[in-house]
Each structure stands twice: as structure tokens, then as C-alpha cells.
Amino acid sequence: MKKNFEVTLKQMITVIHKTINSVDKRLLNHGEQVAYIMFNLLKADGNYNEEEMLRLCAVSTFHDIGAYKVTELDKLTEIDTVSPLNHAVYGSLFIKYFSPLSDLYNVVLNHHFSEKYAEDNNIKSVCKEGILLAFADYLDRLYLNNQQMNKSYIEEKCKDDYSNKYINLFFIANQKFNVIEKLKDGTYVKELYEFFGQKIITREEVIAYSKMLAYSIDFRSEATVKHTITVEAISYQIAKLYGLDEEDLTRIKIAADLHDIGKIGIPVEILEKQGKLTKEEFEIMQSHAIIGYNILSDLNIDDIRDIGTLHHEKLDGTGYPFGLKGNELTIEMRIVAIGDIISALLGSRSYKEEFDKDKIIKILKNMVQSNKIDSGIVTLFINNYDYIIEEAKKQWSDLMKIYLNLNNEYNEILESFV
């Protein structure tokens, strides 16, 4: 991103899908195909404006985001048949609390309630868009299981769960827009992303989507939740005191949120290991930097990518993944790198307690003397230590309260549907 940067919804959706793809390729096409079917159902319905369709299609692409919290990776392909409500409930709450599409959380919650099931069980949370998403999701599963879809096959499979109103809507959409043919030949991808590319999203939305993606990764590991929140808070406060302008502060916030995006490709048993990592495990952990770099590449946001994912580079060239040094590291990159170090020193793990102020300052000064990190930024931090840490802890406390409440609400909603 450059000064006065513009980011499209297409870019953000691409980042989200590249991230999901780094964990498991099995769900990637499903999200895009469900969104494309939803897109055409909404067009055929004729009661939605472009902004409404953009938002509904966006949330449709990551409607299964809750799967990474409640499902084992080797069972991802079973999420729609084995306890499907679990990931729908968690995903809906995640959208509600950690996304710019919070008002659409019921759509995600409903995406495993067929029209008939919702009616028979008098589900009060059900909404038309949720049924449409459930229908699109079911149609895609039919398509994945039998790519030679035709009218009689669809009618036979859907008649027990959906009325003619929904079934005929799909036939109208298919007649007008060749939905099945485009799913078969792959041209739906270009059409869907061209639609997303029309939407320029605000800075606030970019930050909100970045947080959503970061937290979807971090909620696999509670320790990394606090870490990401703290890195963003500390980096932002340092950058503000350093005198960076609003555009740069925005970049810092987004980059800090995404700085560990590559950890979505690291096994949870390594992220959450009780004790120090072995040499082999540490090498796997180090790979998160290049995984994150690759996820954020080719999206016209290279500065965000570099500020965030190169936080393990050092001034003397001994860092990773590229061994950059000196002037190759911008002020923004140096700030997030120091924010990451401070957050790690503040964090308590099974093998270490939270370090106190004196020890943190001593470690930072030693790293300055070894030409690892920027002396001016470290001095600025030390001179404002108490203020910066206090602000960071406020942010951490508020977000952790939301996280804990989310887990409680998850259990309450599951119980209400039993």
C-alpha cells in the first residue's frame, strides 16, 4: 500500500482464502463456490442491491471460519455432516465479535438449517439470507459429490428440505447465469472476484478484516491471542510517539495484526507446546515468517506484508527469513519487530514467567548493543515504558473479556439447540 492507499474487497477476500489454503486446501474451493452460488441466488431473487450482495457474498466465502476452532484438521471434510452446528455457532459468534460484518452473524449461524428443519423446529434466529446460504452450501456439496448435476437430480435431492420457491430460484439463476457450467469450467472464480473488486473498503474495514483474520488464527492458541493484541498495541503506541502520520499508523495497525498470519500453517501442538521447542520444532516455528510473506504477496500490499511478516529480521543481517540488514529495514518494520520482542518478553508461558520492567529493558539494551534492533526506537520505548505498557494491557484485557464471553456464549447457544 502506498500513501492514500486503496484496498478492494477482492484483495481482502484473497488474503483470507490464501490463509485458509495454508492450513488445508480441502475447504478453499468450497467457500468460493458457495459464495458464487449465493451471488447468483441473490441476483435471481432481485430484492438485493449491490452493497447487500457484496456483504452477503463476502461472509459466504468464509462461512466455515469456525471450523478451525472446533474441528480437528483431519476431519475438516466432515464438518458439514459431523456436528455441523458446532462450527456454525462458533463461526457466527466470531463474525459477530471480530468482523466488519457483525450484523450478518445470524446468516452464518443459520447455514446448516434447511428451510424445513428451521420450520419444523421453530428456530427463532432463522433469516431468509441464512436459508439461502444453507441452500447454497447444500447445492455445493451436491455439486462436489456429483458434478454431473441436472434438474431431476437437484429436485430429488432437495425436495425434502427445501420448497419449490428455493429450488426454482436456483433453476432461474442457472438459466440466466449458467451457474453449473461456470462451476464446472472454473470461470466462476474470475467472475466472483471481479464482483468483489468493484468494492473499495475503508481503512476501518481493512483493519477490521485484518483483526478478524488474525484472531481466527490466534484463537487456535490462547497464548497467541494475547501476543497479537499486545504487539499491535505496543507498536501503535511507539509509532504514535515516534510521530508517524495517520496513514503510517494505519499500516502499523494492519501489519501488526497480520504479523503472525503464517502461524496458521504451524501445528497447534507446536504453538501450544508446554516447554521449550526442540531444534526441529523451532525450525518449523520459524517457517511462519515465510508462510506469512507468501500469503500476503502479489496483492499490491507489499509494504503491509514487509512491515508485518519481516519482524524477525535484525539490523546486523542475522534475522530471518531473508537476512535483511541496516537500511533495508524501514522504521515501520523496526517498530513492529521491537513490538514483537517486547510482547514476547511480557508473555508468560509454561517455561517462563512474565519478565519485569528492569529485565525487559536490560534485554532490549543488550540487543541494541549487539546491533540487532533500533536504538532510537528502544530509547523512545524505555522513556515511555509505563504509559505504553498500560495502554497495551488495557487493550489486552478488553479483548480477552470478549474472547472468554464468546466461549461462554458458544456453549449457551449449543445447549439451546439441543
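Confidence in the protein chain of this predicted model is lowest in helix 4 (residues 67-70), at a mean pLDDT of 65, and highest in helix 22 (residues 375-383), at 98. pLDDT is the predictor's confidence in each residue, from 0 to 100. The chain average is 87, and 89% of the residues score at least 70. Where pLDDT is low, the predicted coordinates should not be read in detail.

Residues are numbered from 1 along each chain as its sequence is written, and side-chain values use heavy atoms, without hydrogens and water. Local features need pLDDT of at least 70 and side-chain atom pairs 80 or more, while totals for chains, interfaces and linings use all residues.

**Helix 22**
- Helices are DSSP runs (H or I, at least four residues), numbered from the N terminus.
- Ile-377, Val-378, Leu-380 and Phe-381 of helix 22 are buried, that is, under 20% relative accessible area with a 1.4 Å probe, protein chains only.
- These buried residues line one face of helix 22, because they fall within an arc of 160 degrees seen down its axis.
- At the helix start, a side-chain oxygen of Asp-374 comes to within 2.9 Å of the backbone nitrogen of Gly-376.

**Helices 8 and 9**
- Helix 8 (residues 128-145) packs against helix 9 (residues 151-158) at an angle of about 125 degrees, with the axes 11 Å apart.

**His-87**
- His-87 lies in helix 5 (residues 84-98) and counts as buried at 1% relative accessibility.
- The side chains of His-87 and His-112 are joined by a polar contact of 3.4 Å.
- A polar contact is a pair of N or O atoms within 3.5 Å; within protein, one must be able to donate a hydrogen and the other to accept it, and residues adjacent in sequence count only if both atoms are side-chain atoms.

Notes: Helix = DSSP H or I, 4+ residues; strand = E, 2+ residues; numbered from the N terminus. Buried < 20%, exposed > 50% of the residue type's maximum accessible area, 1.4 Å probe, protein only. Arc of directions from axis to C-beta. Axes fitted to C-alpha atoms, helices over the stretch in contact; angles between N-to-C directions.
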